[in-house]
Structures are given as structure tokens and as C-alpha cells.
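Subject: Structure handover

Hi,

Here is the structure you asked for. Please open it alongside this email; my notes follow below.

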Amino acid sequence: MHASAYTDAERFVNKYITAQYDERIKIADIGAYDVNGCLRPLFPSKLGIYVGYDLQAGPNVDVVLRDPYRWPEIPDGYYDVVVSSQTIEHVPKPWLWVREIARITRPGGLVYISTPNTIGYHPYPIDCWRLWPDGMRAVMEDAGLSVLECYALGMDTTGIARK
């Protein structure tokens, strides 16, 4: 994860999490494998329970998902906040993936997705998409999410939505 992605996620936490939640919350990080940084430090235990999910075991991964588009390991509406940084570009069918993110987010919960939009090809293990704000908004709204913010900042496109 490059520095701008972490800074943008920190902005999300400061604006939406610490400002809106008094009690401990359940946070899911989808695509949590720590390649070169992760979001976990932004969510200290006093904020809630943080669970990292990915398709392969490794650093920052608490649960390995068996399927990229169906996560029976996670109940409907279980998480208050679902975050994903620098992952959606590696998902062949992001519209299906975002629908599953929406499914595991509780009504009224928040979704944060950040992706690079100008970085070069970087297969890990594949590289499929570059989403600009209009594309991010489209996949979020298609999943039934209400977009609060959708913008390009530096090298990243970020979408923030409420379930």
C-alpha cells in the first residue's frame, strides 16, 4: 500500500469512525493481506473488533475466504464497517465482489473502498481494473449502497458508502 492510500484511509477513520461511533464496532478488512502495509493500525482495539479477510493466508489475514464472490463464512449484516484498500483492482468481477461487501455490512453501516487509478500494471496475482469516481459510484450503487463520497485524490479513487 502506498502512503497516499494509508493517508486517505486515515481521513476516513477520523471523519466517519471516530466521529460517529462511541461503542466498539465490528470491522472487516477485505483483501487484508499485508503486502507493504495494512489498515489494521488505524483501528485500535478500543475502536472495536477488526478481522482481516483474504483469499490466501499471510500477514494480517485472520480468515481465508474460499471463494472470491461468496463468503458463507460471514453472516448477512454482521459488520458495522467494511474496508478494503488496494484490492478491487485485482478482482475480475468487482460488481459481484462489492455486492458481497454490501451483504455483510449491517443496515446503516459504512463501506470504504480505495483503489489506485494511475499506477502501472501490477499483477498480484492479476491486475484487472482502474476505477475512477464514476465507476466506483456505479459498482457501489449497483450493490445497493448509498454513496456518501466518491473521489479521486492523488493516485487513488475512493468510495465511501452507507448500507
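The largest pocket holds about 760 Å³ of space. Its lining has 35 residues, and G31, Q86, T87, H90 and Y124 are the closest to its centre. By type, the lining divides into 21 nonpolar, 11 polar and three charged residues. Three strands each supply at least two lining residues: β1 (25-30), β2 (48-54) and β4 (79-85). Keep in mind throughout that this is a predicted model.

Next, the sheet. It is open, has seven strands and shows mixed pairing. The order is β3-β2-β1-β4-β5-β7-β6. Which strands stand at the edges? They are β3 (63-64) and β6 (146-153). Each has a single partner strand, so one side of each is left without a neighbour in the sheet.

Two helices go with this sheet. Helix α1 (residues 3-17) packs on it and touches β1, β4, β5, β6 and β7. The direction of α1 makes about 160 degrees with that of β5. Helix α2 (residues 94-104) lies across β1, β4 and β5. The angle of α2 to β5 is about 145 degrees. Within α2, the buried residues are P94, W97, V98, E100, I101, A102 and I104. What do they pack against? Their partners are β1, β4, β5 and α3 (133-142).

Now look at β4. Seven of the seven residues of β4 are buried, so the strand is largely enclosed by the rest of the structure. Strand β4 also has a parallel pairing with β1, over three bridges. There, D29 stands opposite V83 of β4. The pairing of β4 with strand β5 (residues 105-116) is parallel too, and runs over six bridges. V82 has V111 of β5 as its bridge partner. S85 has S114 of β5 as its bridge partner.

I160 sits in strand β7 (residues 156-162). Is I160 buried or exposed? It is buried, because its relative accessible area is 0%, and the cut-off for buried is under 20%. Leaving out residues up to four places away in sequence, I160 touches R11, F12, Y16, V111, Y112, M140, S146, V147, L148, E149 and Y151. By element, R11, F12 and Y16 fall in the range of α1. V111 and Y112 fall in the range of β5. M140 falls in the range of α3. S146, V147, L148, E149 and Y151 fall in the range of β6. For a distance check, I160 and A143 are 17 residues apart in sequence and 13 Å apart in space, C-alpha to C-alpha.

G48 has its place in strand β2. G48 counts as buried because its relative accessibility is 6%. Again leaving out residues up to four places away in sequence, G48 touches R24 and I25. I25 falls in the range of β1. G48 and G58 are 10 residues apart in sequence, with 22 Å between them in space, C-alpha to C-alpha.

Then follow the seven-stranded open sheet from β3 to β6. Finish on β4, with its seven of seven residues buried, and on I160 at 0% relative accessible area.

Best wishes

Technical notes
Residues are numbered from 1 along each chain as its sequence is written. This is a predicted model: local features need pLDDT of at least 70, side-chain atom pairs count only at pLDDT 80 or more; totals for chains, interfaces and linings use all residues. Side-chain values use heavy atoms; hydrogens and water are left out. On a 1 Å grid over the protein atoms alone, a cavity is a set of points where a 1.4 Å probe fits but cannot get out, and a pocket is an open set with protein on both sides within 12 Å along at least five of seven lines; lining residues have an atom within 4 Å of a point. Grid points are joined across faces, edges and corners, and a volume is the space filled by probe spheres set on the points. Helices (H or I, at least four residues) and strands (E, at least two) are DSSP runs, numbered from the N terminus. Ala, Val, Leu, Ile, Met, Phe, Trp, Tyr, Cys and Pro count as nonpolar, Asp, Glu, Lys and Arg as charged, and the others, Gly among them, as polar. Buried means under 20% relative accessible area, exposed over 50%, partly exposed in between (1.4 Å probe, protein chains only). Contact means heavy atoms within 4.5 Å. Two strands pair if DSSP finds at least two bridges between them. Axes are lines fitted to C-alpha atoms, for helices over the stretch in contact, and angles run from 0 to 180 degrees between N-to-C directions.
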